[in-house]
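Here is a briefing on the structure shown below.

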Number of protein chains: 2
Amino acid sequence: MEATYEALRKHGYADLTIQAIADEFAKSKSLLYYHYDSKDGLLVDFLGYAIDGFAVREPVDPAIPPDDRLDALFDDFLAESLDGDRREFFVAIFELRSQAPSHVAYRDQFGRADRLITASITEILCAGIERGLFYDVDTDRTAELLYSMLTGGLLRRLTTSEPRSVPTTRRAIDRFVRSELLSDRDN
Amino acid sequence: MEATYEALRKHGYADLTIQAIADEFAKSKSLLYYHYDSKDGLLVDFLGYAIDGFAVREPVDPAIPPDDRLDALFDDFLAESLDGDRREFFVAIFELRSQAPSHVAYRDQFGRADRLITASITEILCAGIERGLFYDVDTDRTAELLYSMLTGGLLRRLTTSEPRSVPTTRRAIDRFVRSELLSDRDN
C-alpha cells in the first residue's frame, strides 16, 4: 500500500502503471501481479486501506474543546498554505476521486470516506452542544454543509489559479461557525 | 466545439482521442489536426468557449427577484434529481477539472470560470441587499462560501454512492440562506 501511494504520488493517476507500483515494491513483484490485474483494482484497495486507517485512528483527545477540534479540521482541508507533501497527497486522492463518476468501486469507497468524515464532524457538533458551547443545531445537516464547504473549497484550491478563494472561503466558514454555531456570541 | 463536447460525453476523458473528436466533426478532419496536436489543447479551447458562452449569456431578467435567482442557481448545481444529459455534462466538466492539478492551462480556465460564477452570485447578493430583501452581508465572502458549498455538494454527488448527501446539503444551504441572508425572518 505504501508502494502504491509512492507510485501514485510520483507518476500521477494517468501515467501510473502496475509496473511503476511494482518498482516501488521491495517484496516479490510477482506477488503483486498475482493479486492484481489492473491498476484500478489495486488503487481501490489502496483507498480502502487509507480509509480504514482514518476510521481506526486513535480517538481524538476528549480534553480538546469541540471548537478547537472543528478548527483543526478546517485547517486540515483549508490551511492558509499547503506544503508540497500535503498538496501531493490531496492531488493523489483527488485524481482517484475523479475516476469515481465512471467506476462504481471508487464511488463506494468515497461514499464510505464521506460518511466517516461527516460522522466525525457530527460527533464534534454533538460534543459541543452537550457542553453548551454550540447552539442546539441539526447536527446531521450542519455536518453535511460544513463538509460540502470544505470539499468545495479544497476542490477549488487544487484546480484553479485563484489564490484568493481559499482564505476567503476559510474566513467565511469561520464567520458561519461564529454566527450559526457558537452560542457565546462574544467569541 | 460541439464535436468536442459530443466526443467527450460519449467517450469520457480517459478514452478520448483526437480521432474520436474528428469522427464527430462534419467538416474537414485535416483542419482539426492542423490546429491541434493534442486532445488537451483542444479541450482547453473547448472549455474557454464554454466559459465565454456563460459570460456573454443574456443578462438575467431583472424582474426575477434575487432570492428566486439564487434558488435557480442552487437548482442548477444541486437539483433533487439529475437527468442523464445533465449528469453527462457535469461529469464531462468534472473530468476536465480533474486534469487541472497537473495542467496550468486547465487551472487558468477553471479559475476564470469560478471568478465568473462567484461574480454572478455577488451581483445577485448586491441586488437583494439593494432591494432590502437580504441583510447587508459581506457579498464577496458570502459568494465564495455559497459557491464552495455548491461545488462541494456537486463533487460529492458525482463521486459517491451516497444519495442522502445531496438533499441534506441542499436543505442546509436553504437554511443558511434563511438565517444569514433573508432579512424577512418570517420567510
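Contact here means heavy atoms within 4.5 Å. By that rule, Ile93(B) touches Leu47(B) and Phe110(B), leaving aside residues up to four places away in sequence. The model is a predicted one.

**Fold of chain A**

- Chain A has 9 helices and 0 strands.
- The order of elements from the N terminus is α-α-α-α-α-α-α-α-α.
- Along the principal axes, the C-alpha atoms of chain A fill a box of roughly 60 × 35 × 30 Å.

**Surroundings of Ile93(B)**

- Ile93(B) sits in helix H6 of chain B.
- Leu47(B) and Phe110(B) are touched by Ile93(B), again not counting residues up to four places away in sequence.
- Asp61(B) is 32 residues from Ile93(B) in sequence, and their C-alpha atoms are 27 Å apart in space.

**Contact between the chains**

- Chain B gives 46 residues to the contact, and chain A gives 46 residues.
- An interface is often sized by the accessible area lost when the parts come together.
- Between chain B and chain A, 16 residue pairs are in polar contact, both residues being at pLDDT 80 or more.
- Four elements of chain B give two or more residues each to the side that touches chain A: helix H6 (84-97), helix H7 (104-130), helix H8 (139-159) and helix H9 (165-180).
- H8(B) supplies the largest share of that side, 14 residues.
- By class, the side of chain B that touches chain A holds 15 nonpolar, 15 polar and 16 charged residues.

**Salt bridges**

- Side chains of opposite charge can pair when their charged atoms come close.
- Over all chains, the structure has 26 salt bridges.
- Arg112(A) forms one of them with Asp52(A), with the closest N and O atoms 3.2 Å apart.
- Arg112(A) lies in helix H7 (residues 104-130) of chain A and Asp52(A) in helix H4 (residues 39-56) of chain A, so this pair ties together parts 60 residues apart in sequence.
- The count between chain B and chain A is 6 salt bridges.
- Arg175(B) forms a salt bridge with Glu180(A), and the closest N and O atoms there are 3.7 Å apart.

**Aromatic pairs**

- Over all chains, the structure holds 10 aromatic pairs.
- The rings of Phe94(A) and Phe94(B) have centres 5.9 Å apart and planes at 80 degrees, so this pair is edge-to-face.
- This pair crosses between chains, from helix H6 (residues 84-97) of chain A to helix H6 of chain B.

**Symmetry**

- Two copies of a chain are related by a rotation about an axis and a shift along it.

Notes:
Residues are numbered from 1 along each chain as its sequence is written. Chains are lettered from A and ligands numbered from 1 in the order in which they are written. This is a predicted model: local features need pLDDT of at least 70, side-chain atom pairs count only at pLDDT 80 or more; totals for chains, interfaces and linings use all residues. Side-chain values use heavy atoms; hydrogens and water are left out. A salt bridge is a side-chain nitrogen of Lys or Arg within 4 Å of a carboxyl oxygen of Asp or Glu. A polar contact is a pair of N or O atoms within 3.5 Å; within protein, one must be able to donate a hydrogen and the other to accept it, and residues adjacent in sequence count only if both atoms are side-chain atoms. Ala, Val, Leu, Ile, Met, Phe, Trp, Tyr, Cys and Pro count as nonpolar, Asp, Glu, Lys and Arg as charged, and the others, Gly among them, as polar. Rings of Phe, Tyr and Trp (its six-membered ring) pair if their centres lie within 6.5 Å; planes under 30 degrees apart count as stacked, over 60 as edge-to-face and the rest as tilted.
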